[in-house]
2 protein chains.
Amino acid sequence: MSDRILLDYGNMLATRLGGRGIANDRLAAFAARFADVHAAVQHRRTAGEIPFFDLPHQRELIDRIREFADGVGQAFDTFIVLGIGGSALGASALAQALLPPHWNELSDEAREWYPRLYVLDNVDPTTIAPLLARLDLRRTLVNVVSKSGATAETMAQFLIVRERMVDVLDDAWRRHFIFTTDPAAGVLRRLAADEGVPALPVPPGVGGRFSVLSAVGLLPAAMVGIDVDALLYGAAAMTERCGTDQLTDNPAGLFAVLQYLAHTDVAAPIHVMMPYSDRLYGMADWFRQLWAESLGKRRDRNGNDVFRGPTPIKALGATDQHSQVQLYMEGPFDKTITLLTARTRSIDLTIPPAYASIAELAYLGGHSMGKLLDAERRATTSALARSGRMNMTIELPAIDAVALGQLFMMLQIATVLAGELYDVNALDQPGVELGKELTYALMGRPGFASPGDAPAEPAHICR
Amino acid sequence: MSDRILLDYGNMLATRLGGRGIANDRLAAFAARFADVHAAVQHRRTAGEIPFFDLPHQRELIDRIREFADGVGQAFDTFIVLGIGGSALGASALAQALLPPHWNELSDEAREWYPRLYVLDNVDPTTIAPLLARLDLRRTLVNVVSKSGATAETMAQFLIVRERMVDVLDDAWRRHFIFTTDPAAGVLRRLAADEGVPALPVPPGVGGRFSVLSAVGLLPAAMVGIDVDALLYGAAAMTERCGTDQLTDNPAGLFAVLQYLAHTDVAAPIHVMMPYSDRLYGMADWFRQLWAESLGKRRDRNGNDVFRGPTPIKALGATDQHSQVQLYMEGPFDKTITLLTARTRSIDLTIPPAYASIAELAYLGGHSMGKLLDAERRATTSALARSGRMNMTIELPAIDAVALGQLFMMLQIATVLAGELYDVNALDQPGVELGKELTYALMGRPGFASPGDAPAEPAHICR
């Protein structure tokens, strides 16, 4: 594959940052440690602990998804995903990157008769009620995505949407749903069997945040015409590329090691992902879950309290130059900034040379808007480096399915490598259980104790 | 005013957090310091240094905006804001909060014949070109918002959109623009005069991030039918409420002091703003600029290098319980989480009691979706507190213009108070100049030096 993702990481290193940043020899000396970490991940992979590596090779599943999407699926005007967290973020990122902007506002013809797409990833009735009131449910297909089949938010959405469908369609409601859930266990799998609703699998061991290349992300992608084969081709190529234990040849390894060293050597625990592209902002949101939920852990692998984890942030260039860059340039030296860009873009606009006598406008004329965006990005990396601020750039060959597949897989592999470096289990999320249990209690679910009375001390409320 | 914003800050204090958090007596002891800080801000206000305080009382401007929006403005189907940073975030936050969701997808009737609204806050041609290609420019009004009139991104947009308008409308292009800019100086003011384009003022001394209650935010709001009088009424009421130097009665003061003490006493420099409402997510984005750009400063007021400033983050409940809360619960104790909610909501949905024999679904039946969202929020505050994590809740009486006006003003006042606490100038942004100059150089603007050749050391690139 010639169209590969490129990592430019010179601005993470002390030589470029006037002595701040990661010492160049420290990175070189880390190569041996990286080889161990890489071997540990390969070992876990071989032991079947990290099955997301194998998602690009599920031929049978992919055929089934394409058959569904190209057949039954195209009978619908609207496709709704009910899901939250990892059940939603991958589909949203793909749609934002690869569909024309404002997709749902476009005519049928402009959408090439692919359906409108709504990813409902919250339980806010002020969003969902107006949407349900105006959709034609007879032309709507609903994809309920929950690995466990017990996610409170998603199942509440399901119950509401199902009732509306029954009102309109009676028994035929079943033909307007498709579930994506555990292949054997859980409520949704049981309902699929009992009700005769089709259901796609989330493979065992593939957690929500690593599921974009499973049916969780692929069905929505296929439904709106995204080339899922190209996506998986890119992902497989990146897996192969990251098979090396040579740190400087391994983009996932470099990303993980540089962010880890920035955190632990240089005291920069805040990791900003900043695409210079509206299309890639959803990727930053997807990454934010991946990095936070995988690495933010109370206990290390030996069970010791460590309260570890970097804090990921999404930002958008050039927009956030007018919002966050003041802080990135002048605030504490506690951040890395990873810029995302693409070498080519599908569309550009020329800035016309009007008002040539006005200096504040004249220099813009004749350039393309894409050139301006690139100039802003390059200026930002330079300005950050001159101010001693660590930054790196991930350059995609283009914003297309092959490149997205590479990027998803690179960041997923980087995350499990980072889990080894931080010595935490990157695949679990024990910290969300207490909140779930307290929610159940507040909702009156039998067997869950109330959070208890308010503390006896006086309330601290300003009214 | 009985419908006031409420702050519940008990979970910021050590008594609720098992000893972590802000010591209760420290807050009490800080009351005297706060009185000084409050007096300093009042002094600056009286000296005319902080004119955003007076924006709610510009009767003449408000009449002019309403007259324009209700008259000429309603001849258009589509209203476009060209602006970036503070020229865009307020309008976006207002629209997201107060318009029905998916506004631009709604029929004319559902929009009550108010125009569609696009806030173009980036220079990404892959967003702008497809939009311009499908809009009917003969029915489109464009608001160019730039205080200086020299913002590169906004002026590039202007030149492109203006040319398209000229193609379609010839000399009549002028009737499809309205500028919002400095009342006397700058390129846009000059063009307004030369070309005969109407222009609204941004008062001197009101920086972009404090401009939502000026014409910058009010014109877009009025154009889509938002009650600007109610917005300003709420803002004025909050100004009055924050006139006290009694810390526990002053919501802006409490917010500023608690976040400051969390940062400096408890080493929590990351300040998360997490609305439990899709409608309020734009407020978190607006706040993120306000807090970062105002407080992230290299120098204190005496010119010493201090590299100060908390890092604001936007999050969304309940969605981010499935993305960020694992980190907030188990990661480092380096964050505060401010939840936003509303006491009442305009719309709700009932979860039907289907599948009563399935425990994972039965408990949901009969409750409203709003109750579920509230339960998730309360569960999250409890779970965070039990894990020793500082959090506070800002409760709006409702999501309406009066409440939004209160919230904008409360956070703006909190920001200038925090500027005093951090001892930085909250009103400037010197750190973005270098990036601007390097951009000019890369775009070939005369008088700006090139960033120079690439460093002589070898490139660090993984291809």
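Which residues touch the most other members of the largest nonpolar core? In this predicted model, local features require pLDDT of at least 70 and side-chain atom pairs count only at pLDDT 80 or more, whereas totals for chains, interfaces and linings use all residues. Residues are numbered from 1 along each chain as its sequence is written, and chains are lettered from A and ligands numbered from 1 in the order in which they are written.

The largest nonpolar core holds 324 residues, of which Met410(A) and Met410(B) touch the most other members. Such a core is a set of buried Ala, Val, Leu, Ile, Met, Phe, Trp, Tyr and Cys residues joined through C-beta atoms within 7 Å; buried denotes 20 or more other C-beta atoms within 10 Å of a residue's own, with C-beta atoms placed from the backbone. Beyond its neighbours within four places in sequence, Met410(B) contacts Ile5(B), Met238(B), Cys242(B), Pro251(B), Ala252(B) and Phe255(B) (contact: C-beta atoms, placed from the backbone, within 7 Å).

Chain A is superposed on chain B by a rotation of 180° with 0.0 Å of shift along the axis, at an RMSD of 0.0 Å (least squares on C-alpha atoms of residues with pLDDT of at least 70 in both copies). The two copies are therefore related as by a two-fold rotation axis. In chain A, the C-alpha of Glu105(A) is nearest the axis, 2.8 Å from it. Because 98% of the interface residues of chain A are also interface residues in chain B, the copies meet through the same surface.

Definitions and conventions. Contact = placed C-beta atoms within 7 Å. Buried ≥ 20, exposed ≤ 12 C-beta atoms within 10 Å, placed from the backbone.
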